[in-house]
Amino acid sequence: MVSVNKNYQKLPGSYLFSTIAKKVNAYQESHPGEKIIRLGIGDVTQPLVPAVISALHSAVDEMADAASFRGYAPDLGYAFLREVIAREDYQARGCRINADEIFISDGAKSDSGNIQEIFDRNSRIAVCDPVYPVYVDTNVMAGRTGSYNADRGNFDGVIYMPCRKENEFVPDLPEEVPDIIYLCFPNNPTGSAVSKDRLQEWVDYANRNGSVIIYDAAYEAYISTPGVPHSIYECEGAETCAIELRSFSKNAGFTGLRLGFTVVPKALIREGISLHGMWARRHGTKFNGAPYIVQRAGEAVYSSEGRQQLSEQVGYYMRNAGVILNGLRDAGYEVSGGVDAPYIWLRTPQGMTSWDFFDYLLNRAKVVGTPGSGFGAFGEGYFRLTAFGTYENTVEALERIRAL
Ligand code: MLT
């Protein structure tokens, strides 16, 4: 009789956004014709920009011609994309990252879930609380945690780093030293940003203790505040302690197209072993490369037209963020985020739990958000709204919330 991976049994319920989708679909079925405004999952609504569309069309035409047809992509990614990323995202910012340290993938969600595979099963992980659920859940599946503690609302064996108003939603350095530290800035879900000085403290801490930081920078395109780093490699010494995850989903609307990349510097060595070599081995074995067409679309993101069009698109979403932030503030809510990130984090009114507020908002305003407790125990009493809706729906959602 086969034995299954019992670690899956430790996971409570279904994945956060699947739970929300089920609830919203059930509500819609029982209230047909009602207009529900979805500001829950951080999925984009604006179409791909013309520069990307044109690159997609050309790449499709190449695939239709025997002379330019491409089969399997190089499993670490095409040089044309890795080179432009190294140049524009890193070297232009003074980071010492080269093209051969960049691994193209089908998105940051897969990479953030898979990266834990290269670490020992007994490694101790530290995560922010609240946190993007993928980091914890994938470590649970891998058997790197204890059981779920329903009273505490989290897993035994994980170092949770509270992110609260008091620390501006940026965690303090943990006393108990973790092996792997997950950080995400600008942050999902709180929308907080980290200054370069504070991030440098994390880099120094990791280098001092031999820990590895997994730095999720999926939302870096939303940074507008000077002094907020776009990459962890802007910090001195990060090449010897950090892996960075990046996405094309939020900066270029690729949630449905799928493209991302991970940077594993060659200088990142633990126990005499190159993590770059391990990730290359893992990638080569389990991944056949992101599609050529999509990688060409990714390249177009860095063209001058692509940059211009995407900066307007980011501006569009950040205008929504302003509408949410100001609308909620005017309505008397305690809010944060929404300045360097497309997420707004609000305190639920009158001590409501996060899920009570979810139901209240759905039933009374027909607006969907994400309950803070779905991101961790310290998210209880909070709620997340995303700026990725259309402008018209965002304005309408805020009118409805203010009318409550
Ligand atoms: C979110 O809503 O937190 C994001 O859409 C999740 C993701 O990018 O996978």
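Is Leu-259 buried or exposed, and at what relative accessibility? At 0% relative accessibility, Leu-259 counts as buried, and the legends below, which describe close-up views of a predicted model, begin with this residue.

**View 1. Leu-259 in the loop between helix H7 and strand E10.** The loop that holds Leu-259 runs between helix H7, residues 249–252, and strand E10, residues 260–263. Leu-259 is buried because its relative accessibility is 0%, where buried means under 20%. From C-alpha to C-alpha, Leu-259 and Tyr-215 are 17 Å apart in space, and they are 44 residues apart in sequence.

**View 2. The crossing of helices H1 and H11.** Helix H1, residues 16–30, and helix H11, residues 354–365, have axes that come within 11 Å and cross at roughly 35 degrees, and this crossing of H1 and H11 is right-handed. On the H1 side the contact is made by Leu-16, Thr-19, Ile-20, Lys-23, Val-24 and Tyr-27, and these meet Trp-355, Phe-358, Asp-359, Leu-362 and Asn-363 in H11. Sorted by kind, the residues of this contact between H1 and H11 are seven nonpolar, two polar and two charged.

**View 3. A salt bridge between Lys-366 and Glu-34.** The side chains of Lys-366 and Glu-34 meet at 3.4 Å, N to O, in a salt bridge. Lys-366 is in the loop between H11 and strand E15 (367–368), while Glu-34 is in the loop between H1 and strand E1 (37–38), so the pair ties together parts that are 332 residues apart in sequence. With 19% relative accessibility Lys-366 counts as buried, whereas Glu-34, at 27%, counts as partly exposed.

**View 4. A salt bridge between Glu-396 and Lys-35.** Here the side chains of Glu-396 and Lys-35 form a salt bridge with an N to O distance of 2.7 Å. Because Glu-396 lies in helix H12, residues 391–403, and Lys-35 in the loop between H1 and E1, the pair ties together parts that are 361 residues apart in sequence. Glu-396 is partly exposed, having a relative accessible area of 26%, and Lys-35 also counts as partly exposed, at 40% relative accessibility.

**View 5. Further salt bridges, including the pair of Arg-152 and Asp-156.** Side chains of opposite charge can pair when their charged atoms come close. In the salt bridge of Arg-152 with Asp-156, the closest N and O atoms are 2.7 Å apart. Arg-152 is partly exposed, with a relative accessible area of 42%, and Asp-156 counts as partly exposed at 32% relative accessibility. Elsewhere, Asp-89, Glu-220, Glu-244 and Arg-246 are linked in a network of salt bridges, and the count of salt bridges in the model comes to 22.

**View 6. Asn-187 and the residues it touches.** Asn-187 has its place in the loop between strand E7 (180–184) and helix H6 (196–209). Asn-187 counts as buried because its relative accessibility is 3%, with under 20% as the cut-off for that term. The side chain of Asn-187 reaches the backbone oxygen of Cys-184 at 3.0 Å. When residues up to four places away in sequence are not counted, Asn-187 touches Ser-192 and Tyr-343.

Methods:
Residues numbered from 1 in each chain as written. Predicted model: local features only at pLDDT ≥ 70, side-chain atom pairs only at ≥ 80, totals over all residues. Heavy atoms only, no water. Axes fitted to C-alpha atoms, helices over the stretch in contact; angles between N-to-C directions. Helix = DSSP H or I, 4+ residues; strand = E, 2+ residues; numbered from the N terminus. Left-handed = near helix turned anticlockwise from the far one by under 90°. Contact = heavy atoms within 4.5 Å. Nonpolar A, V, L, I, M, F, W, Y, C, P; charged D, E, K, R; others polar. Buried < 20%, exposed > 50% of the residue type's maximum accessible area, 1.4 Å probe, protein only. Polar contact = N/O pair within 3.5 Å; in protein donor to acceptor, adjacent residues only side chain to side chain. Salt bridge = Lys/Arg side-chain N within 4 Å of Asp/Glu carboxyl O.
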